[in-house]
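Colleague: Before we discuss packing, could you put the model on the screen? I would then like to go through its aromatic and nonpolar contacts with you.

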Amino acid sequence: MAYTKKTTTGPTYQSIVSDVKAGQIAPVYYLMGEEAYYIDRLADFLVDALMPNEEDRDFNLITVYGPDSSTDAIVSAARGVPMMGERILIVVKEAQALRDLDKLEFYLKQPAAQNVIVFCHKNGTLDRRKKVATLLAKQAVLFESAKPNDRELLSFIQSYATQKQVNIEPRAVQMLAEYVGGDLLRMSSEIDKLALALPADAKQVTCDLVSEQIGVSKQFNIFELQDALGAKDVKRVNEITNYFDKNQKATPIQMILPSLYKYFANVMQAYYAPDRTERGIGEWLGMGEWQVRRNVIPPMQHYNGVKCMNILGAIRRTDAKSKGVDNPETPPGELMKELVYFILH
């Protein structure tokens, strides 16, 4: 089936998979972005879907590396005739290292009928202002794998865990998002590890298991600090802050500040929700009711909107000072203590 462009919007992982399964195969796939997970998954999928037989791969699957190849050589291979198979499939790894990609423009105007090239460009993207990027978007598939936002990351964790037949309690999902971060390759590896570590009689992954597997203190972590600040529990806040000061490698200030910023930003935004019920605030903030119940309602009882706005400003100033702006001497531990004092008073 000839490839025809269906939409002008950017392709997604699922749309590419669906098109290929439906026989809509592009002559070129340029997979790029900061997030490597979907680049690798799509590349593997395309190899499995377009060349399912091992015998074909022996003759017609060509893998090259950007630093050791050129666009001319790749195009020349793509214009070849497959041996005992339907197509030639060329996978270009480290495509970001190709220096002459502009030469692909001529190939895109008249690509080979059946052969397919898959470029894997990690840790960055093409300049979309370039003609080759415009042609890729128009004549082929130009896919960008961006770093997930907070909501996408939580959705990924839940979706990947479901695929692995693992149930993770909501609080543990948040903990994974906070401590593992948006690197989906690492996240998938951590969930795999949790699945293996889950006792046979256990029904779901708990915060305790996540703490044990990724090396986070059960008593002294960012979530405990948020809870203590939300409740204005001065004693507990000081205990956690002192622990962080003594264990800065495990919980550096640059990990704590973004979490506190998101926490108080949600509280401030909740005041603007048209409906201030748990459901209404959840819909307004794009989070589950359990998250609202635990992370938004308690601090709203202690911090009004103006105070939250001032706290956000204090966090930004602390962040700047932690990076040396107008701060020649104050260590991170003292900056954190100053910040939590401001928050609590």
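Colleague: Is F156 buried or exposed?

Modeller: This is a predicted model, in which local features need pLDDT of at least 70 and side-chain atom pairs count only at pLDDT 80 or more, while totals for chains, interfaces and linings use all residues. Residues are numbered from 1 along each chain as its sequence is written, and side-chain values use heavy atoms, with hydrogens and water left out. Buried means under 20% relative accessible area, exposed over 50% and partly exposed in between, with a 1.4 Å probe and protein chains only. The relative accessible area of F156 is 7%, so this residue is buried.

Colleague: What is the geometry of the pair formed by the rings of Y37 and F156?

Modeller: Rings of Phe, Tyr and Trp (its six-membered ring) pair if their centres lie within 6.5 Å, and planes under 30 degrees apart count as stacked, over 60 as edge-to-face and the rest as tilted. The count by this rule comes to 11 aromatic pairs. For Y37 and F156 the ring centres are 5.1 Å apart and the planes stand at 85°, so the pair is edge-to-face.

Colleague: How many residues apart in sequence are the parts that this pair ties together?

Modeller: Helices are DSSP runs (H or I, at least four residues), numbered from the N terminus. Y37 lies in helix α2 (residues 36-50), whereas F156 lies in helix α7 (residues 150-163), so the parts tied together by the pair are separated in sequence by 119 residues.

Colleague: How does F59 count in terms of accessibility, and which residues make a nonpolar surface patch with it?

Modeller: F59, whose place is in helix α3 (residues 54-60), has 44% relative accessibility and therefore counts as partly exposed. The patch of about 360 Å², with areas from the Shrake-Rupley method and a 1.4 Å probe, is made by F59 together with M83 and M84.

Technical notes:
Patches are made of residues with over 30% relative accessible area and no salt bridge: like charges are joined within 9 Å, nonpolar side chains (Val, Leu, Ile, Met, Phe, Trp, Tyr) within 5 Å. A salt bridge is a side-chain nitrogen of Lys or Arg within 4 Å of a carboxyl oxygen of Asp or Glu. Helices (H or I, at least four residues) and strands (E, at least two) are DSSP runs, numbered from the N terminus.
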